[in-house]
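Biologist: Hello! I am new to this structure, and I would like to learn how its features get their names. Could you take me through them?

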Amino acid sequence: MSIQPGDAALFANAERILRDNDRGAYTIPTRGLYPFQWNWDSCLTALGQRHFDETRAWTEIETLLAHQWPDGMVPHIVFHAPDEGYFPGPSVWATGGSTPTSGITQPPVLGFVLRRLYAEARDKALARERATALVPKTDAWHRWFYANRDPAGTGLVAILHPWESGRDNSIDWDEALARVPTEGVEPYHRRDTRHVDAAERPTEAEYDRYLWLVQQFRRLGWDNAELHDASPFQVVDPGFNAILLRSDEALVELADALGFAGIAEDARCRVAQARAAFAGLWSEAAGQFLCYDRVAGRLIDSHSVGGLLPLLAGIGDTGRLAATVRRWRQQVAFGVPSHDPADPRFEPKRYWRGPCWLVVNFMLSDGLKRNGEPAAAAEIVADSLRLIRRHGFAEYYDPTDGTALGGRHFTWTAAMAMELLAGGREA
Ligand code: DGY
């Protein structure tokens, strides 16, 4: 990575964004568009916070886990304080509980974030104390996934809502989402398009289906034992599963280090089963992994970055995956697009149908570096820093020209910039 003269200022700007969006014990992604605590945003935010305040970084995670459900699920949004600027708010989810939360989850980056916080801590005693309390909670969430989202014991978990993937409107979901009905969707008013150009966000047709699924799960009383089989949308996302696997490997290390032998042993078994199951998602023709539609019983022919994210956990042929990343990058000005630019469905400005996301770049570059492809990793880091230097800390970017898109003054982009600038550290 090339460190440039302005990088100290860039680092300071990133810190300012994290501080501006700090609400005391949790951080919002950005003002207006996302005024609450989001699960994977928050965990990745802690990676940024640790560079200037380790105690605050641990608190970020502890606040999220204070809202873990009794069954182990960690919800995707915690609605700490009322805010009419976001839809769907707590009354739509109606999950109960003193601090309202959503009723679905998000990519479990928690485990590998915790391991990095712990392994690279400056204050070792603090890290030991904080991590010791968090390991059993992380384990409970991971067990929840396999019990509730893999009831047949395949080794891979399904998401039941596109919002769970974190890649809300990816082309990956088009086919499965088309199966979700829209009859009976209660009238609603989106708020996201008051903050951001509608051309950069999911469509109305997608929102109708997002809402139908929420209503369906609410009708079932958010009973996670029921949701999987009752959902017309059950998709096995290789990206999501790779994140879970990598976090489970991190959990093994943490549990071993902190004296949780039983937790370590169970996590080892899950990892072994998941690793073996990934073979069924590989596409030789595409040179990447594909999503599997569990309801239709087939792989989904959509080449998104979800199918490259197994790099994060060193799953599959790293060389082949790195070649696919390079092929995509060569077609655009900035990598890594969230979808294959050669696909006619690629949309460079619409959220997860083409734009670049710094969190994805961080995970891809980390995986490439750890798995023998340092040059490919360095290219992604260079693209990421070029985007930020030229176009600021946006939510996402147009890969064809770098245009800043979505929310601005964006927390996780700032946190990732700090990680990439601090560089050289091994997760
Ligand atoms: C949104 O509202 O756009 C979020 O991505 C859902 O969590």
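Modeller: Gladly! Let us begin with a term: angles between axes under 35 degrees count as roughly parallel, over 145 as roughly antiparallel, 65 to 115 as roughly perpendicular and the rest as oblique. Axes are lines fitted to C-alpha atoms, for helices over the stretch in contact, and the angles run from 0 to 180 degrees between N-to-C directions. Helices (H or I, at least four residues) and strands (E, at least two) are DSSP runs, numbered from the N terminus. This is a predicted model, where local features need pLDDT of at least 70 and side-chain atom pairs count only at pLDDT 80 or more, while totals for chains, interfaces and linings use all residues. Residues are numbered from 1 along each chain as its sequence is written, and side-chain values use heavy atoms, leaving out hydrogens and water.

Biologist: Why are α3 and α5 called roughly antiparallel?

Modeller: Helix α3 (residues 54-65) and helix α5 (residues 110-119) pack at an angle of about 150°, with their axes 11 Å apart. The mark to pass is over 145 degrees, and α3 and α5 are therefore roughly antiparallel to each other. The crossing of α3 past α5 is left-handed, a word used if the near helix is turned anticlockwise from the far one by less than a right angle (right-handed if clockwise).

Biologist: Which residues of α3 and α5 make the contact?

Modeller: From α3 come A57, W58, I61 and L65, and from α5 come L110, V113, L114, L117 and Y118. Contact means heavy atoms within 4.5 Å. By class, the residues of this contact between α3 and α5 are nine nonpolar, no polar and no charged. Here Ala, Val, Leu, Ile, Met, Phe, Trp, Tyr, Cys and Pro count as nonpolar, Asp, Glu, Lys and Arg as charged, and the others, Gly among them, as polar.

Biologist: Now to the rings. How many aromatic pairs does the structure hold?

Modeller: There are 26 aromatic pairs. Rings of Phe, Tyr and Trp (its six-membered ring) pair if their centres lie within 6.5 Å; planes under 30 degrees apart count as stacked, over 60 as edge-to-face and the rest as tilted.

Biologist: What makes F145 and F240 an edge-to-face pair?

Modeller: Their ring centres are 5.6 Å apart and their planes stand at 75°, so the pair is edge-to-face. This pair links distant parts of the chain, with F145 in helix α6 (residues 124-149) and F240 in helix α12 (residues 238-258), 95 residues apart.

Biologist: How do you know whether F145 is buried or exposed?

Modeller: Buried means under 20% relative accessible area, exposed over 50%, and partly exposed in between (1.4 Å probe, protein chains only). F145 has a relative accessible area of 1%, so F145 is buried. F240, at 3%, therefore counts as buried as well.

Biologist: And what about A276: buried or exposed?

Modeller: A276 has 59% relative accessibility and so counts as exposed. A276 is found in helix α13 (residues 261-277).

Biologist: Where is Y351 placed?

Modeller: Y351 is in the loop between α14 and α15. Y351 also has a positive phi, about 55°, although it is not a glycine. With a relative accessible area of 5%, Y351 is therefore buried. One aromatic cluster includes Y351, along with W352 and W357 among others.

Biologist: Which peptide bond joins G335 and V336?

Modeller: A cis peptide bond, with omega about 0°. The bond from F87 to P88 is cis too, with omega near 5°, and P88 lies in the loop between β2 (77-78) and α4 (90-93).
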